Amino acid sequence: MSQPTPPEEQWTIFKGNNHDPHDDIEERLPPAPSWRPFGQELSPGVSRRQRRGQTFQTRPEEVRMVNAALYLRRPLLITGKPGTGKSSLAYAVAAELRLGEVLYWPITTRTTVKEGLYTYDAIGRLQEVKQMEAAGDAEGLRGLVNDPQKVADYITLGPLGTALLPSNRPRVLLIDEIDKGDLDLPNDLLTIFEEGRFEIPELLRLERDDLEIKDSPPPVQVRTAYHHRDPEEPTPRDYKHPIDGRITCQEFPLVILTSNGERDFPPPFLRRCLRLTMQDPDLDQLGKIVAAHFQDTPIDQDQVGELIKAFLQRRDGGREQLATDQLLNALFMVARERQGVGADREALITSLIADLSQPLPTKPGSATP
């Protein structure tokens, strides 16, 4: 009688054998890691980033600089290697101080300050005008042209614009990877950071053209950059503001900018920011990070200690570029109780914790050592 296959050798769901199809993936696939909770969140992406803030382990120098930024109403520029927790700090502050959803603005080479402030769907509005003209709806057309709310319906505030909405508590704005932006982007932000205000010309135009509206500006509703759907969340998606088209912050937001150190910034920009260099987590911090992420997932503590020690030796001693989430991925795969990976353990660890500074291997089937 053949012996059953040991559990540690049954971890593969896909076996690369198209002659033996099976449909038991729902039974075999374990719950997702806590940092990848797809299908379990009301606002995809938002909840995941909030989770990072809840598991972030803060150092004294980070506490000092966040408090300085709050007191001085200055942006905080955080530089550090990928995976050191630069963006997670914003979520940790928002969670502890109950400042609501973090406004997230990822930067690319095509990002402009204007789109960070607001967007105006002129094409959508023109299409509605043409539809009313075709239908002969003269009354509706007059309302579309002159009604301030009809204009506001096509305006959406961006993360930066939303952060500047009046509030008696500072909002939290995360400008992620600003060093990826156009060379002019830091300088374009200077006026916004100094004045804490901006204008929406599409609404100001109504003020100039209609004296009756100017004398008694009604409030309008505009969409904001918030995504959270929790009814208890103190920062709703829709927000009323004056029709004059000038938005001025009441409390300057806590602005956290992250940089991977890939470029230098102009001195005028640096003068207006506080600066912090984020360090890699040490042994104690890594232990706390792992405990926070795996609090609901039983893991083999001996394997945890072994992997953390090997990870630190490679990262600090061998000067390899490694990120903390690589360690978490490896722990999830090899250290969870009730489902080991058997003989594949070492090869899997090597593949999951590969030196990020090295090019991909060219030999087929090989992994970066």
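Why does Cys249 count as buried? And could you then look closely at the open sheet of five strands?

Modeller: Happy to! This is a predicted model, where local features need pLDDT of at least 70 and side-chain atom pairs count only at pLDDT 80 or more, while totals for chains, interfaces and linings use all residues. Residues are numbered from 1 along each chain as its sequence is written, and side-chain values use heavy atoms, leaving out hydrogens and water.

Cys249 counts as buried because its relative accessibility is 16%; buried means under 20% relative accessible area, exposed over 50%, and partly exposed in between, with a 1.4 Å probe and protein chains only. Cys273 is buried too, at 7%. A search of the whole structure finds zero disulfides (pairs of cysteine sulfur atoms within 2.5 Å).

Now the sheet. Strands (E, at least two residues) and helices (H or I, at least four) are DSSP runs, numbered from the N terminus. Two strands pair if DSSP finds at least two bridges between them. Here the order is S2-S5-S10-S1-S11, with parallel pairing. At the edges, S2 (103-106) and S11 (274-277) each pair on one side only. From one strand to the next, the twist averages 20°.

Inside the sheet, four bridges join S5 (residues 172-176) to S10 (residues 254-259), and Val172 stands opposite Leu254 in S10.

Finally, helix H3 (residues 60-72) lies across S1 (76-79), S10 and S11, running at about 165° to S11. Such angles run from 0 to 180 degrees between N-to-C directions, using axes fitted to C-alpha atoms, for helices over the stretch in contact (heavy atoms within 4.5 Å).
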